[in-house]
Amino acid sequence: MSLFSFSKFFLKKRAWLLVTLVCLVFYQIISTERNAIIITEINISKDTLPRKDLKKSPFNIHADILALRKDKEAQQILTGNVEEVTTIGKEKAVKHPQGFNEMTFDIDLVTKSFEECHENQLNLVAYVTGYSEIYNFFNVLGTVFGFIASDVKEKLDILKDLESKGDENAIHYKQVDNMMAFEMERNKKTKEELFGSRTLLRLHRALDFTKQFLEQLALMKDDDKVATMAGKVYTATLGNFHPWLIRKAAGVALYSLPNRRDLIKKIAPGGIDDSVLKEKIEACVQKIDIVYKDIHDLYTKNDLHGLP
């Protein structure tokens with residue numbers, strides 16, 4: 001092959017390589033912009049979604065979103081269109097549309113209630129009282145936590161009914177260990193499901209998320225992104241028990257959370273000294289953690305972690 005022929009062949013190859021490279025770059029640009037359009041459809045801004053998701057193939061991310069839209073619960077998480085909720089544990093119940101609650105939650109009540117729960121042999125009334133205020137906390141954070149808040153409210157109502165319905169079995173629903181023992185014995189005789197124990201287990205798992213979320217929130221700096229922290233905590237806790245569609249929807253929804261400074265403004269709109277807030281959170285987490293570990297040990301002792 002002559003030098004001229006080789007040079008012509010080499011230039012032709014380089015031209016094809018250049019065209020291929022340009023096409024790949026163009027495809028990447030289209031993919032990113034297409035994803036941004038799709039994301040806009042579900043009201044998630046381009047700035048809040050991880051860059052790694054924006055760089056996914058538009059066919060992949062679009063397929064994910066279409067799958068999410070087919071699931072009613074996942075769609076509620078994405079859009080924030082949760083059912084109207086009512087605050088619990090207040091003298092006057094105040095309704096707020098679409099799960100949003102302008103009220104701040106009483107962190108001191110949470111601390112006091114979980115302390116009473118521990119001191120009174122894992123008292124379920126105190127547990128529900130403290131957890132009801134945590135439910136208010138989820139509402140303060142907005143519709144992004146609607147997928148947790150709606151489930152928490154349902155489970156709290158069940159425990160309240162079991163304890164206060166006034167029949168002969170209500171006495172067994174005053175303490176956690178008594179409830180488990182009663183339901184396990186009844187199950188041996190009648191095969192009746194462990195309804196209270198199963199309900200508490202769901203709240204127990206969500207409590208782990210709450211505990212770790214608050215713990216990490218106290219350690220963060222004002223400009224730190226709560227979304228990143230919340231995603232990690234969710235994956236390590238509740239995400240282990242949710243189906244794929246719910247995990248996917250929750251992961252996207254959590255990325256709309258603001259930075260720590262703006263989140264604190266929702267919790268304490270009137271302003272609060274950061275050192276005081278950290279002290280309150282640490283005290284609250286400590287009391288929650290004691291109750292959480294005690295209940296966790298009971299589920300382990302009775303081999304009830306796998307309740308369906």
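Is Y173 buried or exposed, and what is its relative accessible area?

Author: Y173 is buried, because its relative accessible area is 3%; buried means under 20%, exposed over 50% and partly exposed in between, with a 1.4 Å probe and protein chains only. This is a predicted model, in which local features need pLDDT of at least 70 and side-chain atom pairs count only at pLDDT 80 or more, while totals for chains, interfaces and linings use all residues. Residues are numbered from 1 along each chain as its sequence is written, and side-chain values use heavy atoms, leaving out hydrogens and water.

The partner of Y173 in an aromatic pair is F182, with 6.0 Å from centre to centre and 80° between the planes, an edge-to-face arrangement. Rings of Phe, Tyr and Trp (its six-membered ring) pair if their centres lie within 6.5 Å; planes under 30 degrees apart are stacked, over 60 edge-to-face and the rest tilted. F182 also counts as buried, at 16% relative accessibility.

The whole structure holds 10 aromatic pairs. In one of them, F145 and F209 have ring centres 6.0 Å apart and planes at 50°, so this pair is tilted. F145 belongs to the loop between α6 (124-140) and α7 (146-164), and F209 to helix α9 (residues 195-219), so the pair ties together parts 64 residues apart in sequence. Helices here are DSSP runs (H or I, at least four residues), numbered from the N terminus. F145 is buried at 0% relative accessibility, and F209 is buried at 1%. Both rings belong to a cluster linked by ring pairs, together with F105, F137, F138 and F213.

Terms used:
Helices (H or I, at least four residues) and strands (E, at least two) are DSSP runs, numbered from the N terminus.
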